[in-house]
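Please report on the strand pairing, the helix packing and the backbone of this model.

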Amino acid sequence: MDKKIYHGSTRIIRSPHFGAGRPYNDFGLGFYCTEYPQYAAEWAVGKDSNGFVSAYSLNCDGLRVINLCGPQYTALHWLYLLLSFRDFDLSSNTARRAREYINKYFSVDHQGCDCIAGYRADNRLFMFSQGFLDGDLSYRSLADALTADDSNRQFVLKSNRAFDRITFTDYRPASSADSYPVKYSREIRAIKKADRYAESGLFINDLIEQEVRPYDTRLR
């Protein structure tokens, strides 16, 4: 089965290769794409800078793909991977307890996988994640921010085998004037929505004290 994926960047990338990029991205070293060209365009641009969307075809037959958006995973499984690779402020006792709890009960065996599908921790989602770890935002706020729409879903190539299956097919320019205002407006709406839910639902200390585990329906 071939999957169409797109990468937004300041340049055209015709030949993505294993080992390039930064090791401290959301899911570690890999090639970060999306199944939605309009969102790749948003990732490609800055407030005053244009970019490019490179398009690819990926043959997924036989690849081991971890889909963190699937029903067997929760926002805490996603956060486990973020804590493994991203740099959070864990200076508070609450945040340290949160990391210990998440690492113990929501670990994801990602070693040896070929691709990971999940959510992109842009500035907005990273802020929500930090607020949740600090005990300032509820689980509902975090989960709703992740699943509000498809704009922050990403598909990441993680192995040599995956890179052997990817073929560059096309590219198009991405305009800051078109894409940046859409991205900015979505972020503002999401932050306002999170503010409304900030004091409702279970918080990290509740999850720990009530011994909530991955199969608990309150996490769905």
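Asn67 has Ala117 of E5 as its bridge partner. The pairing of E4 with strand E5 (residues 115-119) is parallel and runs over three bridges. Two strands count as paired if DSSP finds at least two bridges between them. Helices (H or I, at least four residues) and strands (E, at least two) are DSSP runs, numbered from the N terminus.

This is a predicted model, in which local features need pLDDT of at least 70 and side-chain atom pairs count only at pLDDT 80 or more, while totals for chains, interfaces and linings use all residues. Residues are numbered from 1 along each chain as its sequence is written, and side-chain values use heavy atoms, with hydrogens and water left out.

**The sheet.** E4 and E5 belong to an open sheet of four strands, in the order E2-E6-E5-E4. Its pairing is mixed. Strand E2 (31-33) and strand E4 (65-67) are the edges, and each pairs on one side only. From one strand to the next, the twist averages 20°. Strands of a sheet pair through backbone hydrogen bonds, either parallel or antiparallel.

**The helix pair.** Helix H4 (residues 123-133) packs on helix H5 (residues 139-147) at an angle of about 160°, and their axes are 9 Å apart. Axes are lines fitted to C-alpha atoms, for helices over the stretch in contact, and angles run from 0 to 180 degrees between N-to-C directions. H4 and H5 are therefore roughly antiparallel (over 145 degrees). H4 contributes Arg124, Leu125, Phe128, Ser129 and Phe132 to the contact (heavy atoms within 4.5 Å). H5 contributes Tyr139, Ser141, Leu142, Ala145 and Leu146. The contact residues divide into seven nonpolar, two polar and one charged. Here Ala, Val, Leu, Ile, Met, Phe, Trp, Tyr, Cys and Pro count as nonpolar, Asp, Glu, Lys and Arg as charged, and the others, Gly among them, as polar.

How many residues of H4 are buried? Nine of its 11 are, where buried means under 20% relative accessible area (1.4 Å probe, protein chains only). Among them are Phe126, Gln130, Gly131 and Leu133.

Two residues are listed here.

| Residue | Phi | Position |
|---|---|---|
| Gly135 | about 85° | just after H4 |
| Glu211 | about 55° | in the segment after helix H8 (204-209) |

Glu211 has a positive phi although it is not a glycine. Most residues other than glycine have a negative phi. Glu211 is exposed, with a relative accessible area of 53%; exposed means over 50%.

How values were computed
Angles under 35 degrees count as roughly parallel, over 145 as roughly antiparallel, 65 to 115 as roughly perpendicular and the rest as oblique.
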